[in-house]
Amino acid sequence: MTWLNSHPLTFLVFAPALLGLLLMALPQSVGKLTRLLGFLAALAVFVLSIAWLLGRAPGSAPLAEHAPWFTIVGLPVDYALAVDGLNLWLVLLTTFLVPLTMLGTWNSLKDRTGTFAALFLLLETGMLGALVAQDLLLFYLFWEAMLIPMYFMIGVWGGDERRYAANKFFLFTLSGSLLWLVALLFLAGKAGSFAPAVMAQAASALPFATQCWLFIAFAVAFAIKVPLFPLHTWLPDAHVQAPTAGSVILAGVLLKLGGYGFIRFAIPMFPQAAIHYAKPLALLSVIAIIYGALVSMVQRDIKKLVAYSSVSHMGFVMLGLASMTVIGTQGAMLQMLNHGISTGALFLLVGMVYDRAHTRMIADFGGVATKMPIFTTFFLIVTLSSIGLPLTNGFVGEFWILNGTFLSGFAWGRAYAIVATLGVVLGAVYMLWMVKRVFWGPVNPDEDSGTQHLHSDLNPREIAVMLPLVVLILWMGIHPRTFVAASEAPVTALLKDANAPAIRPLILPAAPAPGALEATAEGHVPASHEVHP
Amino acid sequence: MSITPTEWAALLPLLFPALGACLIPLMALDRDQATTKWIRAAMYLVALAAVAAGFWFITDLWKAGAQPGFHQLHMDRLAQFSGIFVLVAAAMAILQSWDHFHQEGWVKGETLSLLLFSVTGMMLFTATTNFLVLFLGLELFSLPLYSLVATVRHRAEGAEGGMKYFLTGAVASSCFLMGGVLLYGMSGSLDLTTAALSIRAQGLAADPMVLAGAALLLLGFLFKVSAAPFHQWTPDAYEASPHPIAGFMSVATKGVAFIALLRIFPVSFAGMGAVGVRMQAALAILAVLTLVIGNLTALVQTNVKRMLAYSSISHAGYLMLGFVAGTPAAYTGVLFYLVIYLAMNMGAFGLLTVFGLVGEKTTFEDLRGLGWKRPAMGFAAAVFMLSLAGIPPMGGFYGKYMIFKELVGTGHVGLAILGVLASLVSAYYYLRFLVALFLQAPSAEAERLASDRPAVHAPLAGATVLVSAAIVLVGGFVQAFLADGFAHRALSEGLGLLR
């Protein structure tokens, strides 16, 4: 137990992979047992992560592990893991979504269920490792390794176009990260280390033009993952072709890693370049918001609609980060969690209806509400959260982001905020339109239609999956401070380091008063903001 | 003339395989190999014993830190590294060939004998700086390989591939010889290190004759590593040869040519000043060409063996980039890369034997669905292909990592970007292998044919594949041990670099 006491993060990160490899060795004939074991393992990891990460005495030192790993070609690589305010909730989101998704898609797959569960656990290790890694090469290793299980999950268990989608996903992400690797090697060579702090220091000594190139390399790698317009084209293919569980994790966690990469590495390491490129980033984000919403509106496939809505929602995240304000960045942090919960829930719900009707076309439905009232209730709550109705999580995140953008002090801030607000309206349009066509109205009279095949409402297992998600949606909408308190200090520190003298007085509270953020949560944002000119 | 114990120590690693090579044909003199089973087994055992004896002897030398010499033969750390490299590759090839030749129905003792002669030549080739001995080694390992390519005589393309390899190889050898003659003529010394010193002392470094000599010498090496534009023989020769031989050629020939170049290049070529700079520039251009041609051509192959052949061409490109960087750390990276490359390529070719693909039946179509039927082999295949593409956490990533790091560090950022783009392209065709194994169901006709045929049984090849997969996988976690304890020591203590 002493080893475990000093290495809780190592255990959390690598236990899923080791179990996954063990499960992979089990024969296909006991696939159901393997699936159960995989679920129990993921559940255990979730319980442990809650106990270890949240159940800590207040004021105790942050969880961290640090040891030299190896030195080749003169570059030391450290085994450095840490959980702090920036990644705490993303780690918990990951450990939460993995068992939940396994449960939610229990019967969706017909064959090789054991291997799927094993790959799922390997993927969990990749995601957790990338989230907690504090050394850039270590981060890179997890970042790349994550592609392998996801590739097989899409490619083996996906839809008709799965091979194309899996290859596109793999190669697209790889292209960004390989170019990023060159930038990483360049900077590490200058710094003599892969530690972010040392590398940031080395970067600040470089000419500004070089910093900009390095920032672009970092930003492109992360933006592909987010995905930011125009690098998003892999996402609809991957989402639509992936099995439900793959889509949920892709939307819930993998996309977050892009935004997390920005806030953990790209912005702190190249603050000047980040401010220099804030405008193009924000412009692309606004385009993503509007474009994603418009494309969602014309989709005929519910899953594809949700996939494009991801582009729009993640555009908000990027806009919040580009605003370079505390409120906007905090909004982005919250929006990442929101999107993980809401879109994850939407994909699960779409999966549940697909398992019954074997179609996802909007036109195949109509009048689902009379057939599946419980399902409809859940779907409506999640839809409203996705639209950003007040009292649900979507509202808080989007409001903070728009607020931060509006007040950012950048010349473009107000205009972009106004245009992005249009995206919120469009979001309501495409979601509600889809809900109207699928759920309301008379039952689709066509014998072969999807509605006619809906013979059962949600079973207890599916309700058990949806309940925690709905609770979280409301909790995050009513008391968001639970989820952003941890990141307040690091985000404030980060933006202070981002050397933006012209706009800093306006964007940064000089000394955030205790409870300042709580006030913002209750909707007094403009007031609390103007206190600190 | 008596031979002292240290001189024996330098000679013995070469003598073991040579002895085995001589013994095997004698064993089969009055026996019909086709019918006498125990003779086959005995021949394979002798071949394995010869390889094992050489291996043990060299590892003993390595552990003791001894670097004996015998006249022009220097059994130093680098030569020991190369010896271990070649012997491991040969052992895997021998084990795989037992299964493969039984599948082909063509078990002949001379195959093993030729293979062992080739091993001897390879060890000689990397253990000297004397031009004549170098040439001797080159011919000793090349000639058996020419005939090994054509060893399965009842296959028409065997003879064709062998002939192509032989004719082009003969031209390359004569160029190599001519280059050496020119350098000898200008310097009066057969030892390339001394020749470089003398050429520099005389201020002849920019002399066209010297340049031509060095360029021709380099051409000989580049032919053996199958760098563009001297790569055309590679796909034909690999396709024609039995799978284990193709694997052995792709690994060992390329490996020893790079190791020998490593002995010559930094000391002799760079020692000649201007010549070294120009050779480096030539290598940079050819590396780019190799990467582009190798990767783009591999993309459109439908035959797995030809794909692997073009992939091995592209890997020569990455290794050449290590020479372009030209730092001691980059050379360490080259040696590290070779270690992992040995495991992943022997493994990849071994898979063809394991899956029982014989003759022309080596297209991607023939692989469909096999990953699920043989899960362990499928897992190994995933490890090899992802490692070949340079995806972490496999060992192949670190080879590229070391070379690219040094490229960027020496200011060749453009080449590094080209290198990573090349590996992006390569990811596509390596994924095709996995697509066939896992993502595609076998066609109905293939299923019917498979049910008619007896189950493929290839335990020895399967074992080598698993061992290779373990090396590649573990290599991604003990990279520092392999790089520092093995590759770096071979360079620092063998070559006197990096001291």
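In chain A of this predicted model, the helices α4 (88-104) and α5 (113-132) each supply at least two residues of the lining of the second largest cavity. Helices here are DSSP runs of H or I with at least four residues, numbered from the N terminus. The largest share of that lining, 4 residues, comes from α5(A). Local features are given only where pLDDT is at least 70 and side-chain atom pairs only at pLDDT 80 or more, whereas totals for chains, interfaces and linings use all residues of the predicted model. Residues are numbered from 1 along each chain as its sequence is written, chains are lettered from A in the order in which they are written, and side-chain values use heavy atoms, with hydrogens and water left out.

**The second largest cavity**

The second largest cavity holds about 100 Å³ of space, and the structure as a whole contains 8 cavities of 30 Å³ or more. A cavity is a set of points, on a 1 Å grid over the protein atoms alone, where a 1.4 Å probe fits but cannot get out, and its lining residues have an atom within 4 Å of a point; the volume is the space filled by probe spheres set on the points, which are joined across faces, edges and corners. Lining the second largest cavity are R35(A), T101(A), M102(A), T105(A), W106(A), L109(A), T113(A), F116(A), A117(A) and F120(A). By class, this lining divides into 6 nonpolar, 3 polar and 1 charged residues, where Ala, Val, Leu, Ile, Met, Phe, Trp, Tyr, Cys and Pro count as nonpolar, Asp, Glu, Lys and Arg as charged, and the others, Gly among them, as polar.

**A nonpolar surface patch**

On the surface, L26(A), V30(A), L33(A), L36(A), L37(A), L40(A), L43(A) and V47(A) form a nonpolar patch with about 590 Å² of accessible area together. Patch members have over 30% relative accessible area and no salt bridge, and nonpolar side chains (Val, Leu, Ile, Met, Phe, Trp, Tyr) are joined within 5 Å; the areas come from the Shrake-Rupley method with a 1.4 Å probe, and for residues only the protein chains shown count as cover.

**Salt bridges**

Over all chains the structure holds 18 salt bridges, a salt bridge being a side-chain nitrogen of Lys or Arg within 4 Å of a carboxyl oxygen of Asp or Glu. Three of these pairs are set out below.

| Pair | N to O distance | Relative accessibility |
|---|---|---|
| K168(A) and D237(A) | 2.8 Å | K168(A) 18%, D237(A) 22% |
| R306(B) and D236(B) | 3.2 Å | R306(B) 18%, D236(B) 21% |
| K405(B) and E406(B) | 3.5 Å | K405(B) 9%, E406(B) 8% |

In chain A, K168(A) forms a salt bridge with D237(A). This pair links distant parts of the chain, with K168(A) in helix α8 (residues 162-191) and D237(A) in helix α11, 69 residues apart. K168(A) is buried, whereas D237(A) is partly exposed.

In chain B, the side chains of R306(B) and D236(B) meet in a salt bridge. R306(B) lies in helix α12 (residues 304-325) and D236(B) in helix α9, so the pair ties together parts that are 70 residues apart in sequence. R306(B) counts as buried and D236(B) as partly exposed.

The side chains of K405(B) and E406(B) also meet in a salt bridge. Salt bridges that share partners join E160(B), K164(B), D236(B), E239(B) and R306(B) into one network.

**Backbone features in loops**

A cis peptide bond, with omega about 0°, joins F229(A) and P230(A), and P230(A) is placed in the loop between α10 (208-225) and α11 (234-241) of chain A. In chain B, a cis peptide bond with omega about 0° joins A228(B) and P229(B), and P229(B) is found in the loop between α8 (208-224) and α9 (233-240).

S226(B) is found in the loop between α8 and α9 of chain B, and its phi is near 55°, a positive value in a residue other than glycine. S226(B) counts as buried because its relative accessibility is 1%. H358(A), which is not a glycine, has a positive phi of about 60° and lies in the loop between α16 (326-357) and α17 (368-371) of chain A; at 58% relative accessibility, H358(A) counts as exposed.

Key: Patches are made of residues with over 30% relative accessible area and no salt bridge: like charges are joined within 9 Å, nonpolar side chains (Val, Leu, Ile, Met, Phe, Trp, Tyr) within 5 Å. On a 1 Å grid over the protein atoms alone, a cavity is a set of points where a 1.4 Å probe fits but cannot get out, and a pocket is an open set with protein on both sides within 12 Å along at least five of seven lines; lining residues have an atom within 4 Å of a point. Buried means under 20% relative accessible area, exposed over 50%, partly exposed in between (1.4 Å probe, protein chains only).
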